[in-house]
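Work through the exercises below with the sequence and the coordinates open beside the text.

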Amino acid sequence: MLLESDEPITYEENNTTICAKKNASLHGNDFLLLADEISWNRKSGEAKAAGSVSLTQGNFRVLADEVYFNTLHGNIMAKNCKGGSPPYYFFAESMERNESIDVYHGGQIYLSEPGIFEPNLKTNIFIIDGNTSTFKVASTQLRLGRMPVGILPGFSGINTSGFFGSSFRIKAGKDSNLGWYGETEYTYSWEKVSSDIKVTYYENRGTLVSPQIGFNNLLEDGFINSQIKGGWINDRVTSMGNDNRNILLDRNRGHLSFESIARFKNRWRTSTLIEWESDSEMIRDFKRDYFSQNQWNQSHNELSYEGNGYTISILSRWQTNNHEKFVENIPMLNIDAGPNYVDVLNIYQTSSLNYTSLRTKDQFGKTGHSIQRMNVGYKAEKPFQFFGGLSLNPSIAWLHQDYQLQDGSEDRSFYEYGVDVQGSLYQVFPYENNIWEIEKLLHLMKGSVALRCTENLNRNNLGNIPEIYPNVEDLNLNPLDLLDHRNYEIINEKRILRFGWENVLLAKWKNRSRQLLSMRTFYDLRIDNLNGIDDGDFLFSDISVYPSNWLSLNFRNKINTQSSKNYRSVYSLSLKDGRFQGADLGYIRYLAFNNYSYLSAWKRLNEKLFTSASTLYDLDHNYFTYWNGKLRYRLGDSWEWDFSVSQRKGTLRENNIEWSIGFSLIDF
């Protein structure tokens, strides 16, 4: 310990207590105490400081009129004080620290640097327990600067997640379809629960109320993650219009979504999703930003159990929205086992059992005839390993489908044999480059040839099997094995050769590795179509290049080489300069009705000003089908202004231009 002052130091009580006056300071290994006057008992460690007191201990600092401090235990008692441990600040009539437990009396608590409009809590008692990282607060006044804005009851929580996690937002703007509007949004979170309420007033439509609540809990052997959100409005528009069934829309309109995923005991898993809309135009009118994630509504529940080498699942899927045509599964049972190794035969076996009751509902809620379907599948394969990374894997598979229809029953069976030949190579390159952070390179390459021959064992009932699911063109790599089709009716006889070439390039740097390049190319060559249907040959490529953390290139392509039909072409380039700027540039083409280029860029002009823009350009019609620009300006630590403008063009009924300006309490 070192005690210093401008005036001579005096000794009292048999030299046990030392007193220092005028610019006194007491230094220790982990603290610094400054005051006009300090008295310190060397035996008990008790120090009393008075007059312009400043105590710094680690990252905690307190300024007070009077402080009692124990140099042995670190306990503190301060009067008429302020200070904190960034980003937390406090003003208090008194504060006490005893064994890492802080108690504030008559205090104001800030989660950012205090300011004229900064949010804070004013409470009689506030307790932070550093041992358990928890806090407890009595009845509290919520304030902006010195202005009260609300009252909160006493509550407690986990200190590491903030006091209670709150934000507030005010927004106003104009939409060419909806007119002028004003919006307020309030978010409140505590421990495992988060909530949000948004109220939007449309001058010509009414008030849209949109609540949301979520629950996230991490268990010792699993987790629970659930969320429910919705919206409701009494639409005041003069002409409501019709939905996609040509039925007049109701004035009371709304939507509701519930999703939940949970895992228990590391084996049980449940998943639920329910998406309800009062009409087909609800998302179009009020929730257009949801469209990219809600093009196909789903309502289902699944319970599954993952055993050692097998999985059992029960799924129910139903039509929630009467304005949509849907195929219901009530229920669907799947039992899958394998591939499991059989030591006696030295083979791998895979088996599956599937049962479902299918029925179709049209957009008016009319139910079709129920169809029961039972599928039983089996596959056996025997891998052989040779020198030099070469392997051979012959396989046989069988699938039987039984249908219980209104007019009787039908069944069919498929037989498939196949063989896979694979060769793997690797090479280590002693290449060094400090700029790109590379010490050495590892190249992995695999070439493969796969043959699949599928035959229908009973050809006499091909036209009797109903086509329940519509034939949707697959934009990805087509399934190859027979058992991959067990939940579908569209199974064709075929003989296919699939040629594959895969490459991975890895870089090592300081005992860590990262992927520089990943490339997959597959070519499906149809040798013979036993059913007379020629689907063509397909080329699928997927390439990703990551030379560094700030640069990435991605390519994905699928075409029919016989008809030259394009199924999917995606090219993208991503650039990121730390936290200051970034850009994404790309090209998208799906089938024959999407041909777009896009650009998305953002830049942080300084620590307070942030701007971003995005565009989607229609190459077929030569105009921007969508563009958006945003500007955000941060005021202090908690407040933010934002401005945005966007436009859609070329859609069926969603063409609009919208601008908005908002003022937000972004973090508390």
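On a 1 Å grid over the protein atoms alone, a pocket is an open set of points with protein on both sides within 12 Å along at least five of seven lines, whereas a cavity is a set of points where a 1.4 Å probe fits but cannot get out; lining residues have an atom within 4 Å of a point. The model is predicted, and local features need pLDDT of at least 70, side-chain atom pairs count only at pLDDT 80 or more, and totals for chains, interfaces and linings use all residues. Residues are numbered from 1 along each chain as its sequence is written, and side-chain values use heavy atoms, with hydrogens and water left out.

**Exercise 1. The second largest pocket**

Step 1. At least two lining residues come from each of β7 (76-85), β8 (88-98), β9 (101-110) and β10 (119-129), and β8 has the largest share, with 4 residues; strands here are DSSP runs (E, at least two residues), numbered from the N terminus.

Step 2. By class, the lining of this pocket comprises 9 nonpolar, 10 polar and 3 charged residues, where Ala, Val, Leu, Ile, Met, Phe, Trp, Tyr, Cys and Pro count as nonpolar, Asp, Glu, Lys and Arg as charged, and the others, Gly among them, as polar.

**Exercise 2. Salt bridges**

Examine the salt bridges R97 to D102, D221 to K265 and E640 to R632, and state how accessible the partners are.

Step 1. Side chains of opposite charge can pair when their charged atoms come close. A salt bridge is a side-chain nitrogen of Lys or Arg within 4 Å of a carboxyl oxygen of Asp or Glu, and by this rule the count is 27.

Step 2. In the pair of R97 and D102, the closest N and O atoms are 2.8 Å apart. R97 counts as buried because its relative accessible area is 17%, and D102, at 7%, is buried as well; buried means under 20% relative accessible area, exposed over 50%, and partly exposed in between (1.4 Å probe, protein chains only).

Step 3. For D221 and K265, the closest N and O atoms lie 3.9 Å apart. This pair links distant parts of the chain, 44 residues apart, with D221 in the loop between β18 (206-219) and β19 (222-234) and K265 in the loop between β20 (252-264) and β21. D221 is partly exposed at 24%, while K265 is exposed at 61%.

Step 4. In the pair of E640 and R632, the corresponding separation of the closest N and O atoms is 3.4 Å; E640 is buried at 13%, and R632 is partly exposed at 33%.

Step 5. Salt bridges with shared partners also join R205, D235, R253, D279, E281, R284 and D285 into one network.

**Exercise 3. Two cavities**

How many cavities of 30 Å³ or more does the structure hold, and which residues line the largest cavity?

Step 1. The structure holds 2 such cavities, and the largest has about 50 Å³ of space.

Step 2. The largest cavity is lined by E275, N297, Q298, S299, W318, Q319, T320, N321, E324 and F326, a set that divides into 2 nonpolar, 6 polar and 2 charged residues.

Step 3. The second largest cavity has about 40 Å³ of space and is lined by L477, N478, F522, D524, F538, L539, F540 and K558. Two or more of these lining residues come from each of β32 (512-528) and β33 (538-548), and β33 gives the most, with 3 residues. The lining of the second largest cavity has 5 nonpolar, 1 polar and 2 charged residues.

**Exercise 4. The setting of T272**

Is T272 buried or exposed, and which residues does T272 contact?

Step 1. T272 lies in strand β21 (residues 268-277) and counts as buried because its relative accessibility is 15%.

Step 2. Apart from neighbours within four places in sequence, T272 is in contact (heavy atoms within 4.5 Å) with F258, E259, S260, H300 and N301.

Key:
Points joined across faces, edges and corners; volume = space filled by probe spheres on them.
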